[in-house]
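Please look over the structure shown here before reading the notes. They are grouped by topic.

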Amino acid sequence: MRREAVLVMQVEVELSQRRACGLMELYRATCRYQRRRAEDGRLRTRLRELAEARRRFGYRRLQVLLEREGWQVNHKRVYRLYVEEKLSLRRKRGRKRSRVRQPLPEPVAANQVWSVDFMTDALSSGRRFRTLNIVDDYTRECLAIEVDTSLGGVRVVRVLEELKQRRGLPRQIRSDNGPEFLSRAVDQWAYEQGLQWHTTQPGRPMENGYVESFNGRFRDECLNENWFTDLADAREKIAHWKQDYNQARPHSALDYRTPEEFAKSAARGCGKDAGCARLENAARFPLSHSLDGCEKVPTGVVLETQNPEKVSLSVD
């Protein structure tokens, strides 16, 4: 607006540019500035295409995808185009509750702590199905998503046995107090393997925060975005999303690297403590009360439950 006023004073009042800029308190360099680079229409088009393909991605993850394709853009330019194209979607957030929040102890290596949890969804016919989600808390990899209409304790053991053959077992597995995880089959299997099975306190899903965070992404980007005609179709689409999550999706807690990229760098000795990635979201998850014992592999009975009367929390 002030640049236009300076131009009017130069034409109508015949003032010099120096005098007009002084009256309008405008730097002459600002008045003379001309945009050197025209707006790139190809960038706008490509951003719109990526946003249509990744409908639940925000501008920061879209910027990572653009940089992977060779675009030299910063986050400010991407955000401006993102807003101008009206690509942002409203995100429903739950009601905030006042509670003491403490971070979960961070695992320091892969295969140290796994988190498991169940989710439910429905086919187009209305028939319900369940998914068993298993994630590595350190690398954030999705190790398995088992899909079926019924998943009991024996099925949980079968999936864990398959993972054992592929990559071994962790020191600790964390879950809620679901009947499948408290079943005799899971208890006996954990005892035979000599690993610690930690169950969170009832009504406190935040103690299993890593898999709960994964569940939110899984629900938002896969289950809510797809229409499943039958169980085979659900397994195929979920398997495709799982591969994309591990190999292509930028993860904000891993410095916008994929879980597989971070796992490979961690295997070379360049993990979170080495400065190659920063755990940005660690403080979001409250403290779990039994991870302190994960430095030792127990040899006795391993199914552990919380006694609220013996738990004490201290806030610094």
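The notes below go from the whole chain to single residues.

This is a predicted model, in which local features need pLDDT of at least 70, side-chain atom pairs count only at pLDDT 80 or more, and totals for chains, interfaces and linings use all residues. Residues are numbered from 1 along each chain as its sequence is written, and side-chain values use heavy atoms, with hydrogens and water left out.

**Whole chain**

- The protein chain has 11 helices and 6 strands; helices (H or I, at least four residues) and strands (E, at least two) are DSSP runs, numbered from the N terminus.
- Of the 316 residues in the protein chain, 43% are buried, where buried means under 20% relative accessible area, exposed over 50%, and partly exposed in between (1.4 Å probe, protein chains only).
- Among contacts in the protein chain with a separation of 6 or more, 64% join residues 24 or more positions apart; contact means heavy atoms within 4.5 Å.
- The protein chain exposes about 18600 Å², and carbon and sulfur atoms supply 47% of that area (Shrake-Rupley method with a 1.4 Å probe; for residues, only the protein chains shown count as cover).

**Strands E2 and E3**

- Strand E2 (residues 128–136) pairs with E3 in the antiparallel sense over 6 bridges; two strands pair if DSSP finds at least two bridges between them.
- In this pairing, Asn133 stands opposite Ile145 in E3.
- The two strands E2 and E3 form a hairpin with 5 residues between them, and Arg140 in the turn has a positive phi of about 65°.
- Strand E3 (residues 142–148) has 6 of its 7 residues buried.

- Helix H7 (residues 153–167) has 15 residues and reaches 21 Å from its first C-alpha to its last, close to the 21 Å expected at 1.5 Å a residue; the expected span is 1.5 Å times one less than the number of residues.
- The buried residues of H7 are Gly153, Arg155, Val156, Val157, Val159, Leu160 and Leu163.
- Gly168 follows H7 and has a positive phi, near 85°.
- Helix H1 (residues 2–13) has 12 residues that should span 16 Å, and its end C-alpha atoms are 15 Å apart, which agrees.
- Just after H1, Glu14 takes a positive phi of about 60°.

**Nonpolar cores**

- The largest nonpolar core has 20 residues, of which Leu132, Ile134, Val156, Leu160, Ile173, Trp189 and Trp197 touch the most other members; such a core is a set of buried Ala, Val, Leu, Ile, Met, Phe, Trp, Tyr and Cys residues joined through side-chain atoms within 4.5 Å.
- Strand E1 (113–122), E2, E3, H7 and helix H8 (184–193) each supply at least two residues of this core.
- The largest share of this core, 5 residues, comes from H7.
- A second, separate core of 18 residues includes Leu123, Val211, Phe218 and Leu223.

- Arg204 lies in the loop between strand E5 (196–199) and helix H9 (209–223).
- Because its relative accessible area is 26%, Arg204 is partly exposed.
- The side chain of Arg204 makes a polar contact with the side chain of Glu207 (3.0 Å); a polar contact is a pair of N or O atoms within 3.5 Å, and within protein one must be able to donate a hydrogen and the other to accept it, while residues adjacent in sequence count only if both atoms are side-chain atoms.
- Asp220 lies in helix H9 and counts as buried because its relative accessibility is 17%.
- The side chain of Asp220 makes a polar contact with the side chain of Arg56 (3.1 Å).
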